[in-house]
Amino acid sequence: MTKKNKTQTELAKTKNDFWARNEASDGILLKETIKKYAVSIFRGILLFGMCFMIIQPILNKFSVSFMSERDLYDTTIILIPKHFTLANWKLCSYLLEYKTTLFNTIWVSLLVSLIEVCMCSIVGYGFSRFQFPLKRFWFFCVILIIVIPPQTISTSLFLSFRYFNFFGKTINLRGNMLPYLMMCFTCQGLKNGLYIYMIRQFFMGFPFELEEAAYVDGCGPLRTFVQIMVPGAKPIITSCFLFSFVWQWTDGFYANLFLGKIRLLAGNLGNIVEKLGGYIARLTGNSSIVSVAYSNAILSTATLMSIFPLIILYVFCQRMFVESLASTGVKM
């Protein structure tokens with residue numbers, strides 16, 4: 001018997017076994033099989049639709065970024081441009097000052113994320129393990145940091161750092177990294193309340209026996225935290241670091257409020273349409289209004305250039321990020 005005939009015989013036998021088992025179960029097997037495949041097909045269609053809804057705007061921006069201006073008004077073009085060009089990318093690189101702002105964004109986001117994760121880990125560990133006066137009140141303040149939008153205190157922040165009182169002397173701290181660093185070291189930075197809450201919840205599920213064993217071996221609280229708790233908390237620390245890095249990368253609120261002299265991608269992206277108008281006015285010699293379609297094309301291209309490093313980061317860190325979230329979910 002050839003291999004092909006043998007395979008056909010096995011398939012026929014399997015099919016006969018299925019119908020025999022279905023008949024023995026009074027048709028329940030067939031109903032359950034149909035139900036299983038129907039659910040799988042519905043789940044596949046649902047996931048495809050959700051993925052398409054997420055990816056489709058990015059695909060549109062990617063397509064528009066390679067179109068010339070005349071392609072933007074051609075109703076026959078949907079995704080594939082007729083006149084392929086890289087002029088939009090070159091112009092956005094000039095308007096964004098891409099090399100400078102990319103370097104600044106990387107080191108600012110990295111520095112801020114490292115400080116926030118370190119300080120929030122210490123505070124979250126303290127909330128989970130130690131008893132101190134007004135503990136519930138201070139944790140309530142942490143929840144308020146999560147709930148209250150930072151825009152509601154923007155005026156207070158501006159006045160505090162614009163007229164900072166240093167031993168009776170008024171100093172303007174805006175325009176440099178000092179306000180950022182002060183807020184990060186005091187756990188008042190962007191989303192710091194959320195990081196403290198996540199780390200605290202993780203440590204609440206951590207075995208107390210590990211710390212007790214460390215104390216018996218002569219370790220103090222700080223050494224126990226560094227050598228015992230931090231290695232075991234790598235999943236939640238990784239999650240908080242990636243969250244902090246991404247949010248800091250796309251933040252324009254604190255950047256515009258404090259970092260006037262340090263140009264970041266988010267800040268330049270917010271006013272790129274105005275920069276485009278000024279560039280065309282200098283190029284043509286008159287202040288003509290830029291068309292909406294071309295402005296949207298430049299904005300889409302600039303947005304892609306801003307998020308492209310984050311996409312690369314996700315490609316290399318997706319496994320670590322997913323594993324950290326999965327482990328965090330189990331612990332919490």
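**Salt bridges and beyond**

A: Happy to. Arg129 is buried, and Glu211 is buried too. Keep in mind that this is a predicted model.

Q: How do the side chains of Arg129 and Glu211 meet?

A: They meet in a salt bridge, with 2.2 Å from N to O. The pair links distant parts of the chain: Arg129 sits in helix α5 and Glu211 in helix α10 (residues 208-216), 82 residues apart.

Q: How many salt bridges does the structure hold?

A: Three. Another is formed by Glu97 and Arg263, whose closest N and O atoms are 3.2 Å apart. This pair also links distant parts of the chain, with Glu97 in the loop between α4 (87-96) and α5, and Arg263 in the loop between α13 (253-258) and α14 (265-270), 166 residues apart.

Q: Which side chain meets Glu97 in a salt bridge at 3.7 Å?

A: That is Lys275, with the 3.7 Å taken from N to O.

Q: Changing topic: which residues have the most contacts inside the largest nonpolar core?

A: Phe203, Ile236 and Cys240, in a core of 20 residues. Helices α5, α6, α9, α11 (221-232) and α12 each supply at least two residues of this core. The largest share, six residues, comes from α9.

Q: What does Cys240 touch?

A: Leaving aside residues up to four places away in sequence, Cys240 touches Val117, Tyr195, Met198 and Ile199.

Q: Now the outside. Which residues form the nonpolar patch on the surface?

A: Among them are Phe130, Phe132, Leu134, Phe137, Trp138 and Tyr215, and the whole patch has about 1100 Å² of accessible area together. Its largest share, six residues, comes from α6. Phe137 is found in that helix, and Phe137 counts as partly exposed at 43% relative accessibility.

Q: And Leu134, where does it lie?

A: Leu134 lies in the loop between α5 (98-129) and α6 (135-147). Leu134 is exposed, because its relative accessible area of 56% is over the 50% cut-off.

Q: What about the phi of Leu134?

A: Leu134 has a positive phi of about 60 degrees although it is not a glycine. For context, most residues other than glycine have a negative phi. Cys187 likewise has a positive phi, near 60 degrees.

Q: Is Cys187 buried or exposed?

A: Cys187 is buried, with a relative accessible area of 5%. Its place is in the loop between α8 (178-185) and α9 (192-204).

Q: Last topic, rings. How many aromatic pairs are there in the whole structure?

A: A search finds 25. Take Phe48 and Phe52: their ring centres are 6.4 Å apart and the planes are at 20 degrees, so the pair is stacked. Phe48 and Phe52 are four residues apart in helix α2 (residues 28-64), so about one helical turn separates them. Phe48 counts as exposed at 59% relative accessibility, whereas Phe52 is partly exposed at 47%.

Q: What kind of aromatic pair do Phe166 and Phe167 form?

A: Edge-to-face, with 4.9 Å centre to centre and 80 degrees between the planes. Phe166 is partly exposed at 44%, while Phe167 counts as exposed at 77%.

Q: Which residues do ring pairs link into a cluster?

A: Phe161, Phe164, Tyr180, Phe253, Tyr254 and Phe258.

Note on methods. Residues are numbered from 1 along each chain as its sequence is written. This is a predicted model: local features need pLDDT of at least 70, side-chain atom pairs count only at pLDDT 80 or more; totals for chains, interfaces and linings use all residues. Side-chain values use heavy atoms; hydrogens and water are left out. Buried means under 20% relative accessible area, exposed over 50%, partly exposed in between (1.4 Å probe, protein chains only). Patches are made of residues with over 30% relative accessible area and no salt bridge: like charges are joined within 9 Å, nonpolar side chains (Val, Leu, Ile, Met, Phe, Trp, Tyr) within 5 Å. Accessible areas come from the Shrake-Rupley method with a 1.4 Å probe; for residues, only the protein chains shown count as cover. A salt bridge is a side-chain nitrogen of Lys or Arg within 4 Å of a carboxyl oxygen of Asp or Glu. A nonpolar core is a set of buried Ala, Val, Leu, Ile, Met, Phe, Trp, Tyr and Cys residues joined through side-chain atoms within 4.5 Å. Contact means heavy atoms within 4.5 Å. Rings of Phe, Tyr and Trp (its six-membered ring) pair if their centres lie within 6.5 Å; planes under 30 degrees apart count as stacked, over 60 as edge-to-face and the rest as tilted.
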